[in-house]
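Here is a friendly briefing to keep beside the model while you look around.

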Amino acid sequence: MSTLSQYLAFQDRISEWVGKTVSWMCLAMIAVLGYEVAARYLFNSPTSWAHESTTMLYGTFCILAGVYTHRHHGHVKSEVIYNLFSVRTRAIMDVITGSIGLVVFGVFFVITFNYAAESWAIKEVSSKSTWGPIIYPFKSVLPLAIALMMLQSIAGIIRSLVVALGMQLEEKS
């Protein structure tokens, strides 16, 4: 079980790192929007790039923050009925729902991977503003985030399976 515990700890570290890294995007968004407000209202010289930049940063932030949220069981879950069951029954339910979620993530991964690949193939740029930034790197964040969610889901399923089978993991601190 030591190898399994090492994998789970490694996966958790990845999710922690992703969450803490993308949290810095909030400061980048604040800086860009602060610059835009100053340019627009103090110097009467609005930018053509600030709004679209913050939109791309915010999208990246939200999708990658989901990995950290998943790691800490922060997504919405109806616990009124769930908490009526025993720990083992909840673990079995978590294995079932986690497996269904993994299938859904798999479908989303294929769709978003193709979406990003198409964008890379045509070197897509935005048509939303006169700035016209490249957007294919941002579209690549979608399959990356889904892959990370899948890996964290697998870790959750493994933990639940261990509980459901009445086994113990050697957790490392």
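The largest pocket holds about 790 Å³ of space. A pocket here is an open set of points on a 1 Å grid over the protein atoms alone, with protein on both sides within 12 Å along at least five of seven lines, and lining residues have an atom within 4 Å of a point. Grid points are joined across faces, edges and corners, and a volume is the space filled by probe spheres set on the points.

Please keep in mind that this is a predicted model, in which local features need pLDDT of at least 70 and side-chain atom pairs count only at pLDDT 80 or more, while totals for chains, interfaces and linings use all residues. Residues are numbered from 1 along each chain as its sequence is written, and side-chain values use heavy atoms, with hydrogens and water left out.

**The largest pocket**

- The lining of the largest pocket is made up of 26 residues, and those nearest its centre are His70, His73, Lys77, Asp94 and Thr97.
- Three helices each give at least two residues to this lining: H3 (50-71), H5 (87-121) and H6 (136-164). Helices are DSSP runs (H or I, at least four residues), numbered from the N terminus.
- H5 provides the largest share of the lining, with ten residues.
- Sorted by class, the lining has eleven polar, ten nonpolar and five charged residues. In this sorting, Ala, Val, Leu, Ile, Met, Phe, Trp, Tyr, Cys and Pro count as nonpolar, Asp, Glu, Lys and Arg as charged, and the others, Gly among them, as polar.

**The second largest pocket**

- The volume of the second largest pocket is about 370 Å³.
- Its lining consists of 15 residues, with Thr55, Met56, Ile135, Phe138 and Lys139 nearest the centre.
- H3 and H6 are the elements that contribute two or more residues to this lining, and H3 has the largest share, with six.
- Seven nonpolar, five polar and three charged residues make up the lining of this second pocket.

**Residues on the helices**

- Is Thr60, for example, buried or exposed? Thr60, in helix H3, is buried because its relative accessible area is 8%, and buried means under 20%, exposed over 50% and partly exposed in between (1.4 Å probe, protein chains only).
- Apart from neighbours within four places in sequence, Thr60 is in contact (heavy atoms within 4.5 Å) with Met25, Phe138 and Val141.
- Arg13 belongs to helix H1 (residues 2-23) and is exposed, with a relative accessible area of 51%.
- Val103 sits in helix H5 and counts as exposed because its relative accessibility is 58%. Its C-alpha atom is separated by 9.1 Å from that of Met150, a residue 47 residues apart from Val103 along the chain.
- Leu161 is part of helix H6 and counts as partly exposed, at 38% relative accessibility. Between the C-alpha atoms of Leu161 and Lys20, which are 141 residues apart along the chain, the separation is 28 Å.

**Residues in the loops**

- Asn44 is not a glycine, yet it has a positive phi of about 50°. Asn44 is found in the loop between helix H2 (25-42) and H3, and it counts as exposed at 68% relative accessibility.
- Lys123 also is not a glycine and has a positive phi of about 50°. Its place is the loop between H5 and H6, where Lys123 counts as partly exposed because its relative accessibility is 48%.

**Rings**

- Lys123 lies over the face of Tyr136, 5.4 Å from the ring centre. A charge sits over a ring if NZ of Lys or CZ of Arg is within 6 Å of the ring centre and within 35 degrees of the ring normal.
- How many aromatic pairs does a search of the whole structure find? The search finds four, where rings of Phe, Tyr and Trp (its six-membered ring) pair if their centres lie within 6.5 Å.

Methods. Rings of Phe, Tyr and Trp (its six-membered ring) pair if their centres lie within 6.5 Å; planes under 30 degrees apart count as stacked, over 60 as edge-to-face and the rest as tilted. On a 1 Å grid over the protein atoms alone, a cavity is a set of points where a 1.4 Å probe fits but cannot get out, and a pocket is an open set with protein on both sides within 12 Å along at least five of seven lines; lining residues have an atom within 4 Å of a point.
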